[in-house]
Amino acid sequence: MPDWSYQPMLRPWLFQLPAEKARDLTLNATGTLAALPFGKAVFDLLGHMQPPEVVRCSAFGLNFASPVGLGAGLDIQGIAPAGLAHFGFGFLEIGPVTLEPVHASETITRHIRQQALSYPDVPVNQGLDKLAARLEQYAKRDAVSVPIGIRLGYQPGLDAVQAAHERVRLIQCLSDFASFFTLACQRELTDGTWDMAQWADHLAILREAQSANAVSRPLLINVKPDLATRQIDQLVSTTLDCGVCGIVVSGGLRTSAGQRLIGAPTRTQSLQTVRLLHAEYGDQITIIGSGGIVEPQDALDFLEAGAALIQIHSGLVYSGPGLPKRINEAVAYYRPTPPEVLPQPAASIFHVPSWLWIALLGLGLTISGIVVWIVAATRTVLPYDEAFVGLSRSELIAINPRLLPFMTHDRVTVAGTMLATGILYLGLALWGVRQGSDWAKQAIAISAITGFLSFFLFLGFGYFDPIHALLTVGLLPLFVLGMYSTLTAVTPVTPPNLSNNRRWWIGQWGPLLFVVIGVGLLLAGIGITTVGVTHVFVPEDLQFLKTSSEALNAANTRLLPLIAHDRVGFGGNLISVGFAVLLLSLWGFRQGARWVWWTLLLAGGSGFVAGIGVHLVVGYLDLWHLFPAIVALLLFIIGLAFAFPYLYYPDKLRIDKA
């Protein structure tokens, strides 16, 4: 569920459902997809959300691919960690969990205008047995690729010693699945039922159990942002003496109704708590900041306040599943890991970077498309075409006066798709691969492989085009060298998106429409290729030619293979350009990336001028035949209009004054 599908379509529908039902539906769908053999590939295809290398970090002895984590309370039952791990998170925290199930009559409530959620102030969950069974399934599949933390609750009403022994049992049962544990501070501690001496006894029991355990895990505590400064100081001071290595600022604000409010209204107090902890204990303990992180700027504010890691919760609900990726890009731009601690890329073959080989591939396709367009619009058939059918131009015209205009229509559209593909490759090479973007290289690889493989479709119609073969042989080495050469280090040059403003929201419609166009091009390419190697013509073609396939075949048995070659070439190129448009739309839309807008404009403009314009020139004006191209053109224009403000204007860093 990338943002381009979540914001315009899925969020409005999910928000019509009760909050718990929408949450469970989403998590179950995510977990089910992750369990399928192709599930991980689907996540990577739709979002390509792997954190960039420059945001990796370490804390309390663990390595994280990203400082962004999922906070506890969302995937309470451990339903979808294998899927959520592909959203760009560096770690996940599930729970809270208790030995026995804890239920509550109160439900989760959305506060949409506040971008907040309210939860019961008890550790609602299904108990240890169900969570352990789910985690055991994941462990057997080795499906979760990021560290998992488990938040430990306890049954309401227990004293400090009883609660400690419950948590010891939880740790013993869950240590095989957890990278760290977080102790949720219940009301007994914050409302004064337990004093600090009891809290110290509680921690001592846990520390002793950890020491006796063959596998020790880091212990963290959860500090709620609405605690008084004196309470926070007492709590943390006592905690530090007991070997706890991290503090998670989370849990929101206590409401008058006795619930906990999570989300944007808690941001100010949460930031103040992080600043307080950093000022007093920053060099002694790891701080994880959370509370109202609903856009990338919020995450940067928490990191600037002193948090080493951050967690999001309500932001995943209100901003969408693309939020971790957006935060990672903001961190990569504004707070990257120092280059000296990152592995350096290997030298490229012949010391030529990958992007240059791919740019040459794109340039070759662009020049070839222009040449093919000129030839198709003037001579149409070349001498080797005439030699293949054994007929001259005049003899072809004598067979059917509309035959050459029809072939012109086919070959100009082929030229348009070649030109569009070349422009897309040039844009991806110069502004994607050149900046070290792995997604751009993958997009070109998938698109180009399908394009090169389409050459072998000549086996289905029996016409070997020597120029087509020469072009394939000439461009293939550039592709291989481009794929074999390594990427340079990631060097983002455009400030990333930071805000969930109107420009960002409207901009989500741009990739949505271009994804539709890309899928449409793929389906059209598959359909045209299938027709080309089977029937050659669609009914509208024969109506334009005012003849039949049988009549053309009777006139010359090599006419149909010649025409089929053009049809299949067009279909194969459509598949290739469809993949390029689809993957650029899925992976490449970033605020301020003007090159994406211009690349789509120039590539699409070339394709539509060729595809629709040639029909006007040769008089092939069947409305049903042109209808898909006209719809695609309208989507193209609307998509560019929606995407323009987002792609053309970068976001600005807000200096937090709180």
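Visitor: How far apart do the centres of the positive and negative side chains lie in the protein chain?

Guide: This is a predicted model. The protein chain carries 42 positive side chains and 45 negative ones.

Visitor: What share of the residues in the protein chain is buried?

Guide: A residue counts as buried when its relative accessible area is under 20%. The protein chain has 658 residues. The buried ones make up 56%.

Visitor: How many helices and strands does the secondary structure of the protein chain come to?

Guide: The C-alpha atoms fill a box of roughly 105 × 50 × 45 Å along the principal axes. Within the protein chain, the secondary structure comes to 26 helices and 14 strands.

Visitor: How are helix α1 and helix α21 placed, roughly parallel or roughly perpendicular?

Guide: Helix α1 covers residues 3-14 and helix α21 covers residues 509-533. Their axes come within 8 Å and cross at roughly 105°. Angles of 65 to 115 degrees count as roughly perpendicular. The two helices, α1 and α21, are therefore roughly perpendicular.

Visitor: Which residues make the contact between α1 and α21?

Guide: On the α21 side, the contact is made by Trp-509, Pro-511, Leu-512 and Val-515. On the α1 side, the residues are Trp-4, Pro-8 and Met-9.

Visitor: Is Gly-61 buried or exposed?

Guide: Gly-61 sits in the loop between β1 (57-59) and β2 (62-64). Its relative accessible area is 79%. Exposed means over 50%, so Gly-61 is exposed.

Visitor: What separates the C-alpha atoms of Gly-61 and Gly-619?

Guide: Along the chain, Gly-61 and Gly-619 are 558 residues apart.

Visitor: What kind of peptide bond joins Gly-95 and Pro-96?

Guide: Most peptide bonds are trans. Pro-96 lies in strand β4, residues 91-97. Omega for the bond between Gly-95 and Pro-96 is about 10°, and the bond is cis.

Visitor: What is the phi of Gln-115?

Guide: Most residues other than glycine have a negative phi. Gln-115 lies in the loop between β5 (109-111) and β6 (116-120), and is partly exposed at a relative accessible area of 26%. Although Gln-115 is not a glycine, its phi is positive, about 55°.

Visitor: Where does Lys-546 lie?

Guide: Lys-546 also has a positive phi of about 55° without being a glycine. Its relative accessibility of 65% makes Lys-546 exposed. The place of Lys-546 is the loop between α22 (539-545) and α23 (549-555).

Terms used: Residues are numbered from 1 along each chain as its sequence is written. This is a predicted model: local features need pLDDT of at least 70, side-chain atom pairs count only at pLDDT 80 or more; totals for chains, interfaces and linings use all residues. Side-chain values use heavy atoms; hydrogens and water are left out. Helices (H or I, at least four residues) and strands (E, at least two) are DSSP runs, numbered from the N terminus. Buried means under 20% relative accessible area, exposed over 50%, partly exposed in between (1.4 Å probe, protein chains only). Lys and Arg count as positive and Asp and Glu as negative; His and the chain ends are not counted. The place of a charge is taken as NZ of Lys, CZ of Arg, CG of Asp or CD of Glu. Axes are lines fitted to C-alpha atoms, for helices over the stretch in contact, and angles run from 0 to 180 degrees between N-to-C directions. Angles under 35 degrees count as roughly parallel, over 145 as roughly antiparallel, 65 to 115 as roughly perpendicular and the rest as oblique. Contact means heavy atoms within 4.5 Å.
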